[in-house]
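User: I have not seen this protein before. Could you take me through it, one part at a time?

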Amino acid sequence: MAYSYVIIDAFEEDVKRLKGALTVFPDYECLGVAGCENSGLDLILKTTPDIVFLDVEIPGNHFNMSLFSIITELAKYTNNPPTFIVVTATQTYAIDAIRNDVLDYVLKPIDSFQLRKVLMRYEKKRTEKPQILCIKSHGDHKFVNVDDLIYLKADNNTTDLFLNGGEKITAFKTLKTFEQALPAHFTRIHHSYIINSKCVSRINFGKSTCTIENTSNLIPFSKSYRENVKHLKQRLDTGNMLYV
């Protein structure tokens, strides 16, 4: 599975050091860097990353009021904020970090061992997902076992959920919401599609399609998500596999 991140840090050398440390983790993709609060907030809203590496000692409009104001400000605009990891030079703000529910608090300069532990903790948290989805709409609550989901398709700001019994459910949530909520065996392969890797019976790299078992459905994957499909194939290759 691929994960995206942005860095918000005013110190260029620290940014270079962190980006360099992250290069040994190929599943992590940098979507951008910002050096102040306003540009950082804009970057998060524009790119919707999975992770934000944040140095809380950054210049910004609210700097004197709250060093964690970028987190509280973000809550005004989205119900699905990214995971924040504080990377800073002092322990001064550790209590504030706990109050703002950040995943981890790491002191600079970060080393590869520290970073590996942080990322493994993040991935562990991502895999600890509920097995039942509750789809809410105008007082109606629909409960869906995630293993019954075969794929999801975006439709503007709603998402269609396709179940293995042929049923389709429409949820008034974006595909990004489900990407963050679903277990690791659900893979984003297209701007408009997430598939359940347990239900994949065929991957055609020539035609850029995945076939869902027991259906005639061909789900396209796009060039920008091709690496996700390669990782999906690698996961399916593990265990007993006979090539003919």
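Analyst: One term is needed before we begin: strands are DSSP runs of E with at least two residues, numbered from the N terminus. Please also keep in mind that this is a predicted model.

User: Understood. Where is Ser 192 found, then?

Analyst: Ser 192 sits in the loop between strand 11 and strand 12.

User: Is Ser 192 buried or exposed?

Analyst: Ser 192 has a relative accessible area of 19%. Buried means under 20%, so Ser 192 counts as buried.

User: Which residues is Ser 192 in contact with, leaving aside its neighbours within four places in sequence?

Analyst: With those neighbours set aside, Ser 192 is in contact with Leu 152, Lys 153, Ala 154 and Leu 175.

User: What sheet do 5 strands form, and in which order?

Analyst: The 5 strands make an open sheet with antiparallel pairing, in the order 10-9-8-12-11. Its edge strands are strand 10 (168-171) and strand 11 (186-190), each of which pairs on one side only. On average, neighbouring strands of this sheet are turned by 20° against each other, direction ignored.

User: Let us change topic to the start of the chain. How many residues of strand 1 are buried?

Analyst: In strand 1 (residues 3-8), 6 of its 6 residues are buried.

User: Why do you speak of two faces in a strand?

Analyst: In a regular strand the side chains alternate between the two faces of the sheet. For strand 1, one side carries Tyr 3, Tyr 5 and Ile 7, while the other carries Ser 4, Val 6 and Ile 8; all of these are buried, so that both faces are covered.

User: What are the pairing partners of strand 1?

Analyst: Strand 1 runs parallel to strand 2 (residues 28-34), and 6 bridges join them. Here Tyr 3 stands opposite Tyr 28. The chain passes from strand 1 through helix 1 (residues 12-22) to strand 2, and this β-α-β crossover is right-handed. Strand 1 also pairs with strand 3 (residues 51-54), in the parallel sense and over 4 bridges. Val 6 has Val 52 as its bridge partner in strand 3.

User: How many aromatic pairs are found in the whole structure?

Analyst: A search of the whole structure finds 6 aromatic pairs. One of them joins Tyr 3 and Tyr 122: the rings are edge-to-face, 5.5 Å centre to centre, with 80° between the planes. Tyr 3 belongs to strand 1 and Tyr 122 to helix 5 (residues 112-127), so this pair links parts of the chain 119 residues apart. Both residues, Tyr 3 and Tyr 122, are buried. Another pair is formed by Tyr 151 and Phe 162, which are stacked at 4.4 Å centre to centre, with 15° between the planes.

User: Which residues form an aromatic cluster?

Analyst: Tyr 3, Tyr 28 and Tyr 122 form one aromatic cluster.

User: Finally, what can you say about Val 118?

Analyst: Val 118 lies in helix 5 and is buried, with a relative accessible area of 4%. Residues up to four places away in sequence not being counted, Val 118 touches Ile 85, Leu 103, Asp 104 and Val 106. Val 118 and Leu 103 are 15 residues apart along the chain, and their C-alpha atoms are separated by 8.3 Å.

Methods:
Residues numbered from 1 in each chain as written. Predicted model: local features only at pLDDT ≥ 70, side-chain atom pairs only at ≥ 80, totals over all residues. Heavy atoms only, no water. Buried < 20%, exposed > 50% of the residue type's maximum accessible area, 1.4 Å probe, protein only. Pairing = 2+ DSSP bridges. Right-handed = clockwise from strand over helix to strand, strands pointing away. Phe/Tyr/Trp six-rings, centres within 6.5 Å; stacked < 30°, edge-to-face > 60°. Axes fitted to C-alpha atoms, helices over the stretch in contact; angles between N-to-C directions. Contact = heavy atoms within 4.5 Å.
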